[in-house]
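Open the model in your viewer and keep the selection panel at hand.

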Amino acid sequence: MHVCVLGAGGLGSLIGARLAQSGVDVTLIGREAHVAAIRSNGLRVEGLRGPGVVHEHLEAVTEPAAVTGPIDYLLVTVKAADTGEALVGADRLRATSRVALSLQNNVTKDARLAAWIGDANVIGAATTESATLIAPGRVRHTGTAPVAFYFGEPDGRDSVRISDLVTIFGGAGFGCAATDSIAAVEWEKLLQAALIAAFSITAIGFLPDRTITDALQTRPGAEYYVQLARELLSVYQALGFTPRDYFAPYAQFQQMAADDVDSSVERALQLGQSMADNGVRGRPSMHDDLLRGRPTEVDESIGEFVRAAERLGVAAPALLGAYRIVCGYQALVTEEAPVDVHP
């Protein structure tokens with residue numbers, strides 16, 4: 001089994017390390033400094049599940065042209081804004097990759113990948129696993145869930161390749177499952193990603209030592225979290241989906257849809273305490289990008305729901321406010337402002 005990861009940042013490096021530890025042959029395609037560190041000292045994984053250094057079954061290269069042999073599964077984990085350039089650069093991998101899947105946080109990724117390699121070679125995937133690249137050759141595992149990965153065929157059928165992915169990811173210690181509704185999973189994952197990013201950036205801002213775990217343990221923070229979540233959930237339902245809490249316990253959308261506001265706030269406070277008790281402390285990658293002065297995926301996540309709310313006539317004032325704040329921060333730190341959907 002050969003898995004190639006196109007985009008060895010935090011998440012891609014974590015997945016590659018865990019798969020390699022389980023005996024799967026992995027090739028990471030990453031930046032020069034990161035690749036050099038891995039080649040010299042192995043890939044060090046810190047955070048959840050304890051520290052470890054991975055050497056065996058792991059190759060690291062800076063260019064797709066350096067990848068050798070056929071690829072059973074090509075995982076795309078580059079930032080959404082970098083997808084076009086990354087796929088052009090990886091053109092030679094189309095002929096050697098049996099299956100491609102994207103773990104990016106957007107709902108256009110599968111169609112874009114299919115346009116590159118063909119519909120028959122793409123399967124859907126979504127994850128809530130999170131990790132941060134803290135230095136070349138070092139990644140910190142910051143978040144997980146009992147079921148952190150879902151894999152599914154676009155038409156919902158069972159297949160050997162879905163079973164293969166569940167087996168190899170499960171063998172690497174990841175909670176994973178097959179689904180016959182991958183579009184619903186991907187949208188609910190985007191709902192969760194948009195909620196966490198909007199909440200983290202606007203509730204924590206530029207306090208470097210604070211995380212969403214801290215903010216959720218305050219009543220005003222929990223109330224704000226619930227307001228954002230209920231607005232996002234309204235958009236999700238207006239799109240025709242029913243909440244399933246695919247990434248429980250962090251996704252509690254089913255209960256939220258049934259609860260009143262006060263009950264939802266109490267559950268949010270309990271979630272914050274549970275995260276603290278389990279050592280879950282981290283920020284979403286979008287928040288980290290802002291802190292480092294990098295462009296974000298705000299338009300592909302929060303912006304996707306803002307546009308859908310406008311299109312479907314769903315009131316989402318807190319979400320729109322959060323979107324504008326994130327866009328404002330991005331303009332200040334990168335001098336690149338996203339498109340204004342409300343001129």
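Which residues have the most contacts inside the largest nonpolar core? This is a predicted model. Select Tyr225, Tyr236, Ile302 and Phe305: they have the most contacts inside that core, which holds 57 residues. Now colour the elements that give two or more residues to this core: helix H6 (182-204), H7, H8, H9, H10, helix H11 (285-291), helix H12 (302-312) and helix H13 (317-334). H6 gives the largest share, 13 residues.

Centre on Tyr225. Leaving aside residues up to four places away in sequence, Tyr225 touches Leu195, Phe199, Leu216, Tyr250, Ala268 and Leu271.

Next, select helix H10, residues 261-277. Its 17 residues should span 24 Å at 1.5 Å a residue, and the end C-alpha atoms are 24 Å apart, so the two agree. Show the buried residues of H10: Ser264, Val265, Ala268, Leu269, Leu271, Gly272 and Met275. They cover an arc of only 155° around the axis, so they sit on the same side of H10. Turn to the other side of H10, where Asp262, Gln270 and Asp277 are exposed.

What do the buried residues of H10 pack against? Show helix H7 (212-216), helix H8 (219-238) and helix H9 (253-258): these are their partners.

Finish at the ends. Asp260 caps the N-terminal end of H10, with a side-chain oxygen 3.4 Å from the backbone nitrogen of Asp262. After H10 comes Gly279, with a positive phi near 70°.

Note on methods. Residues numbered from 1 in each chain as written. Predicted model: local features only at pLDDT ≥ 70, side-chain atom pairs only at ≥ 80, totals over all residues. Heavy atoms only, no water. Helix = DSSP H or I, 4+ residues; strand = E, 2+ residues; numbered from the N terminus. Expected span 1.5 Å × (residues − 1). Buried < 20%, exposed > 50% of the residue type's maximum accessible area, 1.4 Å probe, protein only. Arc of directions from axis to C-beta. Contact = heavy atoms within 4.5 Å. Polar contact = N/O pair within 3.5 Å; in protein donor to acceptor, adjacent residues only side chain to side chain. Core = buried A, V, L, I, M, F, W, Y, C linked by side-chain atoms within 4.5 Å.
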